[in-house]
Structure formats: C-alpha cells, structure tokens
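Please find my notes on this model below, as numbered points. They cover backbone geometry, helix packing and the sheets.

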Amino acid sequence: MVTGNILTPAGWRHGRIEIEAGRIAAIDASPVDPARNDAPYIVPGFIDLHVHGGGGADTMEGGAAAVTMARLHARFGTTSLLATTMTAPRHELRKVLVELGEVARERPAGSARMLGVHLEGPYISPSKLGAQPPEAVVAVLDEVLDYLNVAPIKVVTLAPEISGHPRIIAELASRGIRVQIGHTLGSYDEGVNALKHGATGFTHLFNAMSGLHHREPGMVGAALAHADYAELIPDLLHVHPGAIRAALRAIPNLYCVTDSTAAAGMPDGEYRLGSQGVVKCLGAVRLKDGTLAGSTLTMDKALRNLVSLGLPLADVSNRLSRYAADYLGITDRGRIEVGAWADLVMLDRALALQATYVEGEEIVVEYA
Ligand SMILES: [Zn+2]
C-alpha cells in the first residue's frame, strides 16, 4: 500500500494505492489540491527511452552491464527504459543486441524493466556524429531485419538525408518500429519527407541536428513545425532553457530522456561510452575534444530541472512517463490507474525521491 497525493489521469487524488501481483489493484482516494496538505507526491515511475549507461556500466559492454545500468537508474526513479546502443562495427553491435535480447526477457530484482532497445546509429550522418564513433554506415534492409530478429528493438535513430534511408524508414515503420530522426545534417524538406515515410520522433531534439534558421529551417525547424513527439535532454547543459520553452510550445508530447552514460551515479573521472573514452567533470560528460558525450542525468533530476523552469508538476510528470509510454503504444505503464503495472515514484515536498516501486517491488532509492 502506498499513500499520498496521487497523480492519476483524472488529476490529483489523496489516498492510497493497493498493489497485487505487481499491478495496481485499487486506488482508494478522493480529489485534492496537493497545495493544501503536506503529504508526499506519488507519480508514475519514470520511463527513459534513451539510456546508454549508469553505475559505471555501458550498454555496449553487453548483458551484465545493462543490468547494472537498469539497477542504477531504478535507484533514481526510472521504472522502465530502452537500453541504447552506440555505433559500432556490425559483428560487435550484433553480439551486444543478442545479449540485450536475453536480458530483456526477465527483469532482475532491483532493476528497472528493460522494455527493449533503442538502436542509435550506425545509420547516422558521418558528418554529425556527436559523440558517436566514426563508423556510421548506410542502412541495408537485410542487416536491419537481422538486428530486429535478435533483439526487441523498439526505436531506431537514423539520418534521413542519406540515400536509401527514406525507404528503410517506411519498412521499419510498417513493422511497428518507432523511427527517429537524429545525428543528421538533413534539411527541413528532408525532415518532412522522413515524417511522410513514417518517422515519428526526433532524437535529443536540438543536439546533433541541423539548427533552425529562418530561411533554412533545418531539422529543428521540421521538428518544431510538424512533430507530435520528440525526445529532449533536460540536464540544462545540452539545451538552453529558452530552446526548451520554444519546444514545449511547439511539440505537444515532448518527452524527456537522460541520454546518460556509465558516469551517471558515479564520481568525476574517466569512463567508457561505447568504444570511446569520456571524462565526467562538473556534471558533464565530454570526449577529450570537449564534445558533450551523453549526460550524467537521472530522471529525478530531470523532473526537478523542468519544475525549476516553472512547469507544473503534473505536466512534468507526463513528460517523464506518460508520453514515452504513449509513444511506444504501451497502455499499462506511465499512468496510475487500476490494472496498470505498479510503477510508482514517491517524492517529498521538495521533490526529492522517497521511494520507487518497479512492478510493485520497492527499490532502495538514492536520496538526492
Ligand atoms: Zn545517445
């Protein structure tokens, strides 16, 4: 049983949640204005669709590392996630995908649920790698289908301006994969064309994509003008608050991801991101040349960052949970209602994490 101010799809309720067999069995609560009491907040567990690592472990190290990562992020309120791969040579990437596929079958105790895999690269622009290693390739359908066979890939990030990629987008979309535009120098028109072919999202909006100029609106312009969904890294290092506000006005279901690396939840020092060395210092993770290389963000911090910009907690919660679930077509996560998985986060009145439940299992949290 969990008691407090509960954020339900119908608004705030004060009362308790009964959990049975990992799911919400009953909500015994009545409407409330949470400003009128000092009970904790209970919001849906966070869903992070772009996470490379955490707790010193990197997805590209394989299955055991992915479990370490899923445990680390559960301690910060993430109840489900997509393990996100980096660009790598084919044999290496395939080996990792096989291992991730195995890990995704069962949820180890104390960890977030791995909903599947986000394939970020290798089908990206060699001229917009961000922190991806220089091993981008042009997508070939047979190879992509082979990857889909060995791992539960839910999201693929690719650059749409590369010859042949619009057709790949259509093939993937027809198989229910969410195709995201990212690591791209494509033009506005190429972005619009990708959306017409079935792309549905944008990967870390603003970062590693052509920016908006009023006579050349670029990929950011295509997103702001047309997207229903896009992911954003709200660590306040990757994107200026003003750009976040612009995106919030333009993209109704803008949702948050961490893009976090092995350095998340760890002290300053040197870590791996795929095949590259990165350095964590002052909250940022960078390649040796200074390029931002993912983040150290955790979802509880993402929540506090967005609230610090003046967004209501209920709106922020949607951007950390509900919209990501909706985007993947998942109807029993990202919302607190009877029948849904008991994926819950309890926050005190200063929005510090008090408790996390993954499918009803209470996780020992980090007190921030
Ligand atoms: Zn990434």
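1. Glu359 is buried, at 11% relative accessible area (buried is under 20%, exposed over 50%, partly exposed in between, with a 1.4 Å probe and protein chains only). Glu359 lies in the loop between strand S20 (353-358) and strand S21 (361-363). Its phi is near 50 degrees, a positive value in a residue other than glycine. Helices (H or I, at least four residues) and strands (E, at least two) are DSSP runs, numbered from the N terminus.

2. This is a predicted model, in which local features need pLDDT of at least 70 and side-chain atom pairs count only at pLDDT 80 or more, while totals for chains, interfaces and linings use all residues. Residues are numbered from 1 along each chain as its sequence is written, and side-chain values use heavy atoms, with hydrogens and water left out.

3. Two further backbone details deserve a look. Leu236 has a positive phi of about 65 degrees although it is not a glycine. Leu236 belongs to the loop between strand S13 (229-232) and helix H7 (241-250), and is partly exposed, with a relative accessible area of 33%. The peptide bond from Gly121 to Pro122 is cis, with omega near 10 degrees; Pro122 sits in the loop between strand S9 (113-120) and H3. For context, most residues other than glycine have a negative phi, and most peptide bonds are trans.

4. How many residues of S9 are buried? Eight of the eight are, so S9 is largely enclosed by the rest of the structure. Strand S8 (residues 78-85) runs parallel to S9 and is joined to it by six bridges (two strands pair if DSSP finds at least two bridges between them). Leu82 has Gly116 as its bridge partner in S9.

5. Helix H3 (residues 141-150) and helix H4 (residues 165-174) have axes that come within 11 Å and cross at roughly 30 degrees. Axes are lines fitted to C-alpha atoms, for helices over the stretch in contact, and angles run from 0 to 180 degrees between N-to-C directions. H3 and H4 are therefore roughly parallel to each other (under 35 degrees; over 145 is roughly antiparallel, 65 to 115 roughly perpendicular and the rest oblique). Leu141, Val144 and Leu148 of H3 make the contact with Arg167, Ile168, Glu171 and Leu172 of H4, where contact means heavy atoms within 4.5 Å. By class, this contact of H3 with H4 has five nonpolar, no polar and two charged residues (Ala, Val, Leu, Ile, Met, Phe, Trp, Tyr, Cys and Pro count as nonpolar, Asp, Glu, Lys and Arg as charged, and the others, Gly among them, as polar).

6. In helix H6 (residues 218-226), the buried residues are Gly218, Met219, Val220, Gly221, Ala222 and Ala223. They pack against strand S11 (178-181), helix H5 (188-196) and strand S12 (201-202).

7. An open sheet of four strands has the order S15-S16-S17-S18, with antiparallel pairing. Strand S15 (269-273) and strand S18 (292-295) stand at the edges, each with a single partner strand, so one side of each lacks a neighbour in the sheet. Neighbouring strands of this sheet are turned by 35 degrees against each other on average, direction ignored. Strand S16 (residues 276-281) and strand S17 (residues 284-286) run antiparallel and are joined by three bridges. Val279 stands opposite Arg286 in S17.
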